[in-house]
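Then step back to the whole fold.

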Amino acid sequence: MSRENIIISKTENFADRITRMYRYLLEKRQGDKDMLKQIVRSGTSVGANVSEGQFAQTKADFLTKMTIALKEANETRFWLKRLYAFGSLSDSEFESIINDNEEIINILTTITRTTRKNLKK
């Protein structure tokens with residue numbers, strides 16, 4: 001039995017959630033289309049980069065992919081805050097999805113710090 005990779009499952013679930021949110025807000029016409037396009041790009045890119053990192057050729061390549069995923073997660077946080085500020089997300093919707101985003105940022109921060117430290121050894 002294989003052990004679940006937490007960051008992969010969390011970023012896949014997050015990408016699905018961002019996509020559902022994008023479709024819902026687009027359908028309800030709640031949110032600027034350009035802003036919604038940005039958040040779906042950055043929010044799904046997090047998982048794509050984490051997934052790509054699993055087949056990195058070197059530890060440095062892995063670090064690059066995880067760093068890009070972290071940057072995309074941070075960009076997603078920015079767009080989530082903008083959607084909330086413009087009233088596209090309710091308090092409970094925002095709190096729920098931003099908490100998922102923050103958890104991913106924290107995990108990726110730990111992964112990148114640890115990998116960077118191990119590369120210096």
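The crossing of α1 and α3 is left-handed: a crossing gets this label if the near helix is turned anticlockwise from the far one by less than a right angle, and right-handed if clockwise. Helices here are DSSP runs of H or I with at least four residues, strands are E runs of at least two, and both are numbered from the N terminus. The contact, meaning heavy atoms within 4.5 Å, is made by Phe 14, Ile 18, Met 21 and Leu 25 of α1 with Thr 76, Leu 80 and Leu 83 of α3. Six of these residues are nonpolar, one is polar and none is charged. Nonpolar covers Ala, Val, Leu, Ile, Met, Phe, Trp, Tyr, Cys and Pro; charged covers Asp, Glu, Lys and Arg; the others, Gly among them, are polar.

The model is predicted: local features need pLDDT of at least 70, side-chain atom pairs count only at pLDDT 80 or more, and totals for chains, interfaces and linings use all residues. Residues are numbered from 1 along each chain as its sequence is written, and side-chain values use heavy atoms, with hydrogens and water left out.

Now the geometry. The axes of α1 (residues 6-28) and α3 (residues 59-85) come within 14 Å and cross at roughly 30°. Axes are lines fitted to C-alpha atoms, for helices over the stretch in contact, and angles run from 0 to 180 degrees between N-to-C directions.

Step back to the whole protein. It has four helices and zero strands. From the N terminus, the order is α-α-α-α. The C-alpha trace spans about 50 × 30 × 20 Å along its principal axes.
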